Amino acid sequence: KALRAMRAALRRVHLYPDGGCYELKHRLSEEYGLSRDQFLIGNGSDEILSLLARAFLNEGDKVISSDCSFLIYPLVTQACGATYVPVPIKDFRYDLKAILDQIDDRTRIIFIANPNNPTGTYVRADEVEDFLSKVPKDIIVCFDEAYIDFVEAKDFPYLLFHVKTGKPNIILLRTFSKSLGLAGLRVGFGMASKELIQYLGKVRQPFNVNRMAQVGAKAALDDRLFLWRTKRLVSRGRLYLYRKFTQMGLSFVSSEANFVLVHVGRSGRKVSEALVQRGVIVRAMDGYGLNAYIRVTIGTRFELMRFIHALKKVLRKGEGLS
Ligand SMILES: *Cc1c(COP(=O)(O)O)cnc(C)c1O
């Protein structure tokens, strides 16, 4: 549906886009039951992370997150001269208690990717409610929910009601890049109180979201079948990988996202390099201190079978050992 809508809109690319993203926001407000002024559309949710930093951080301010999370958080923080405090993960999960302990009077923003990238783990609803009841109201808590459509866990926190009931310091980030398959278009959005959205609007470029992106994103929201098929593919793909890893004697981290962390028993860097030689690209995790892990994204069944075939060859031949 997105492709069809964009093809039809091509003939109007000589016109500037709508700087206010009226139609997309209108469609989103129907979808989520919020008013239009509770949305900020960004050039990917990456841009919203950067706008958050620019709107709220001064030199010497502090941002807290996890040490095994999305690499954009330290980037946008440090670009504003603020200090990034990465709290160690605990059992591959965000340690919300340890994050609370780090809060001081310079703390401005807390970033929480839920589910988390690159671990695929999540923090539960009960943990989040307890956490939010203890965070001072003048600290912005940003829940980055890029992978929320892939979640199946029953105790995952759905936080929209906090935004609906006017909690001023919470922002939820979503993206069209993952479950809706439009990463190249660059569209994401934030949902928050009208006041917080207004502050972010002051630091954004007037035409930050291009015409094609607005049209494609709006049409994608109507494509229920695409989303349903994608979720089914990912859900089945996860189970397929779990089964194969178990058969191969490899341990893995249970995931609520469209990727899985797996322990390969040797240098994950070497294994990933050997896999590239066989035409399969995965992510090594040594940058996070997880030396024996790789992260594999769930693709089509054919791609997963090819990955498993290559991984077996690499591990059997000891290509990652030297
Ligand atoms: C992919 C991703 C995003 C956002 O991607 P955009 O393409 O910029 O919308 C945000 N957060 C996390 C954790 C991601 O993995």
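How far from an oxygen atom of the ligand does a backbone N or O atom of Ser 45 lie? In this predicted model, the distance is 2.7 Å.

| Residue | Protein atom | Distance to a ligand oxygen atom |
|---|---|---|
| Ser 45 | backbone N or O | 2.7 Å |
| Thr 175 | polar side-chain atom | 2.5 Å |
| Lys 178 | side-chain N or O | 3.0 Å |

Taken alone, the ligand would expose 380 Å², and the protein buries 94% of that area. The residues around the ligand include Gly 44, Ser 45 and Asp 46, along with Phe 70, Asn 117 and Asp 144. Ala 146, Tyr 147, Thr 175, Ser 177, Lys 178 and Arg 186 are also among them.

Asn 117 leads us from the ligand to the backbone. This residue, one of those around the ligand, is joined to Pro 118 by a cis peptide bond with omega of about 15°. Pro 118 is found in the loop between strand 4 and helix 6. Pro 115 lies in the loop between strand 4 (107-113) and helix 6 (125-134) as well. The peptide bond from Asn 114 to Pro 115 is cis too, with omega near -5°.

Another backbone feature to check is Cys 21. Although Cys 21 is not a glycine, its phi is positive, at about 50°. Most residues other than glycine have a negative phi. Cys 21 is found in the loop between helix 1 (2-9) and helix 2.

Helix 2 takes us to a helix pair. How are helix 2 and helix 9 oriented to each other? Helix 2 (residues 22-32) packs with helix 9 (residues 211-220) at an angle of about 20°, and their axes are 9 Å apart. The two helices are therefore roughly parallel to each other. Helix 2 passes helix 9 in a left-handed crossing.

Terms used
Residues numbered from 1 in each chain as written. Predicted model: local features only at pLDDT ≥ 70, side-chain atom pairs only at ≥ 80, totals over all residues. Heavy atoms only, no water. Near = heavy atom within 4 Å. Polar contact = N/O pair within 3.5 Å; in protein donor to acceptor, adjacent residues only side chain to side chain. Areas by Shrake-Rupley, 256 points an atom, 1.4 Å probe, with all protein chains shown as cover. Axes fitted to C-alpha atoms, helices over the stretch in contact; angles between N-to-C directions. Helix = DSSP H or I, 4+ residues; strand = E, 2+ residues; numbered from the N terminus. Parallel < 35°, antiparallel > 145°, perpendicular 65-115°, else oblique. Left-handed = near helix turned anticlockwise from the far one by under 90°.
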